[in-house]
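Q: I have a model open and would like to learn how to read its features one by one. Where should we start?

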Amino acid sequence: MAGGTAAPAGGAQKPTRRARLPGEERRRQIIEAAATLFSRKGFRGTTTREIAGAVGVSEAMLFKHFATKEELYAAIIETRSHGRRVLDAAVAAAEREDDAEVLRTLAREMIERTRTDATLMRLTFFSALEGHALSDMMFRSRVQQLDEFLSRYFEKRIAAGAFRSLDALQAAWNFVGMVAYHVQRRELFGQKPPPHLTTERAVEEMVALFLHGVRHA
């Protein structure tokens, strides 16, 4: 064809360069992409190249924000962990010594927050199963705070004579274990409860069963 330059077949456009983002926004994107990949493939099964590719940046750019995968994993825990927020929701009920409401509030928060975002639960399991050093950080940020809060509350109620004599820490593990199993069946194994077993009913039955076991007859 005489004159001019032929247009690309199909009118294809040249790929545009990705817009440069502020550092904090790029950091947030990297954390979100890494959290998703880690929760699907584990810490060891995810490469920095995959994370960079998911964000659309080079590995060199990734390392400008996070020097190692460990540093990135720690940032995910810091930004995604909601252990303190879960406890804050139960503080008022604890101050009133409203046993049922303390447990009800914690159970609802654990279930709803995991249903909204199951990433952190999956990361907790991966970190433990892979046995890397960050599993302890994950445990302390996600599990230990809740254990300590509940066991202290139970100790207070035992001292007041409201609960029978029992091991407060074991009791905390028992209640958290009921809720955690409910969450795991649904969010980890994909097993939906029967239609009649709503979240509210499940929570009420867990609370009633637990209090029946720990209160004086």
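A: Helices here are DSSP runs (H or I, at least four residues), numbered from the N terminus. This is a predicted model, in which local features need pLDDT of at least 70, side-chain atom pairs count only at pLDDT 80 or more, and totals for chains, interfaces and linings use all residues. Residues are numbered from 1 along each chain as its sequence is written, and side-chain values use heavy atoms, with hydrogens and water left out.

Q: At what angle do α1 and α2 pack?

A: Axes are lines fitted to C-alpha atoms, for helices over the stretch in contact, and angles run from 0 to 180 degrees between N-to-C directions. For α1 (residues 23-41) and α2 (residues 48-55) the angle is about 125°, and the axes are 9 Å apart. Contact means heavy atoms within 4.5 Å; among the α1 residues that meet α2 are Ile-30, Ala-33 and Leu-37, and the α2 side includes Ile-51 and Ala-54.

Q: How confident is the prediction, as mean pLDDT?

A: pLDDT is the predictor's confidence in each residue, from 0 to 100. The chain has a mean of 84, with 85% of its residues at 70 or more. Over residues 1-18 the value is below 50, and this stretch has three contacts in the model beyond near neighbours in sequence. Where pLDDT is low, the predicted coordinates should not be read in detail.

Q: Which residues touch the most other members of the largest nonpolar core?

A: A nonpolar core is a set of buried Ala, Val, Leu, Ile, Met, Phe, Trp, Tyr and Cys residues joined through side-chain atoms within 4.5 Å. In the largest one, of 33 residues, they are Leu-150 and Phe-154. Two or more residues each come from α5 (83-95), α6 (99-116), α8 (134-159), α9 and α10 (199-214). Another core, of 22 residues, lies apart from it, with Ala-33 and Ile-51 among them.

Q: Is His-182 buried or exposed?

A: Buried means under 20% relative accessible area, exposed over 50%, partly exposed in between (1.4 Å probe, protein chains only). His-182, in α9 (residues 168-188), has 16% relative accessibility and so counts as buried. Leaving aside neighbours within four places in sequence, His-182 is in contact with Ile-111, Ala-202 and Met-206.

Q: And where is Ser-165 found?

A: Ser-165 is in the loop between α8 and α9, and counts as exposed because its relative accessibility is 67%.
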